Amino acid sequence: MTDSVALTDGVDRLEQANAALAAGEIDDALRLATHAVDLLSAACGPDHPDTANARLTISAVHERAGQFDVARQFAVAAMNSLDLHAGCGVPEVAALRVNAMLVAGNLHRVLGDLDAARALLGEAVIVAEDELGPGHPATAGAYNTLGIVGKFAARFDEGLAAYRRALACYESLGDRSGMAAVLHNLGGLEHERGRPEAGIAYAQRGLALREATLGPTHLDVAADLGALGALFEQADRLVDAEIAYRRALAVFESVLGPHHYEVAVVCGNLALLLARQGKADAAEALYRRALAGKRVALGANHPDLAVTMHNLGVLLADTGRAAEGVELLRTAESLLAARLPADHPRLVAVRTTLAGFR
């Protein structure tokens, strides 16, 4: 096979891999992306930007499957290859390099290594500013991802500053979708720091932008409604919270069907709200629907199932079914312990809950 044929085939395989990933066909996506790496490496070399891009797709496949450490290994490998092209003067390569840094930095965050995430994302911001300029989408993305890490690290002022820089970048680009995404994240930051009314203002502004741009039944609008519901709930505006969650659920169900992951997430959030109102039977039914949906979407061993198992386990234990509840909590602990470090907040939370029932 000539280099030109291998290059063409590699690009084709990579496009097919990304399409399979978007469709949720994880095994096919991994097979195609791995083949793409082999073809592109043979045609262009193992450190060529196209090869690095294919490795980022493999990283995304493993991340979707909950294999975060493996995903990070591929992202770091792609980033290291792209570092060899630093300062090459090709904007597309610089943007790809920044993207690899963002992917690796976000995976540091997911795995609980917040210091490494902050350091890498701070570097990504510098690279983006220097090589692409403040008005480039990759620069906005770098600031936005740095803001996410600031939220998770409880460095709220740092996160707020990064989000505001991201918002300014998107405003300069006239990118209303980007602006809405940052406003969504600003709402999440205020939720995390316990200032729901400030978060509601951001979230409602982002929702209005999104609805005006995309219409009331778009999936991004549903995601904004779900986030707004969480803020209403934190502010003890429970009626408003339920309205927002049910609107989000209706959009997700109509567009994605009843068994999609996003439907499962909203079911879990609505269940938590109903449990808080003492509606245990309705809450249990929604938790079980959420758990079934996540199993279909993610597989039986994905760590995200542990969140729903934890909440359902607490509900069962609190309503007189302690043995069944503790069994679920132990399963949640096992799922998290297999994928996350011992000091990860989610694993610590489950173990703390379990200790309270022993």
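1. Contact here means heavy atoms within 4.5 Å. Helices (H or I, at least four residues) are DSSP runs, numbered from the N terminus. The model is predicted: local features need pLDDT of at least 70, side-chain atom pairs count only at pLDDT 80 or more, and totals for chains, interfaces and linings use all residues. Residues are numbered from 1 along each chain as its sequence is written, and side-chain values use heavy atoms, with hydrogens and water left out.

2. Helix α8 covers residues 156–173. The expected span of a helix is 1.5 Å times one less than its number of residues. For the 18 residues of α8 this gives 26 Å, and the end C-alpha atoms are 26 Å apart, which agrees. After α8 comes G174, with a positive phi near 70 degrees.

3. Buried means under 20% relative accessible area, exposed over 50%, and partly exposed in between (1.4 Å probe, protein chains only). The buried residues of α8 include F156, L160, Y163, L167 and Y170. Among the elements that cover the buried residues of α8 are α7 (137–152), α9 (176–192) and α10 (196–214).

4. A nonpolar core is a set of buried Ala, Val, Leu, Ile, Met, Phe, Trp, Tyr and Cys residues joined through side-chain atoms within 4.5 Å. The largest has 94 residues, of which V98, V182, L186, L270 and M309 touch the most other members. Helix α5 (residues 91–110) gives the most to this core, 11 residues. Apart from it lies another core of 13 residues, including L14, A17, A20 and A33.

5. A disulfide is a pair of cysteine sulfur atoms within 2.5 Å; the count is 0. For C44, the nearest cysteine sulfur is that of C88, 14 Å away. C44 is partly exposed at 27% relative accessible area, while C169 is buried at 6%.

6. A salt bridge is a side-chain nitrogen of Lys or Arg within 4 Å of a carboxyl oxygen of Asp or Glu. The whole structure has 26 of them. In one, the closest N and O atoms of E242 and R246 are 2.9 Å apart. These two residues are 4 apart in helix α12 (residues 238–256), about one helical turn. E242 is buried at 18%, and R246 is partly exposed at 40%. Both E242 and R246 are also touched by L270.

7. D69 pairs with R72 in a salt bridge at 3.2 Å between the closest N and O atoms; both lie in helix α4 (residues 68–83). D157, E190, R193 and R195 are linked in a network of salt bridges.

Methods: Lists of a residue's contacts leave out its neighbours within four places in sequence.
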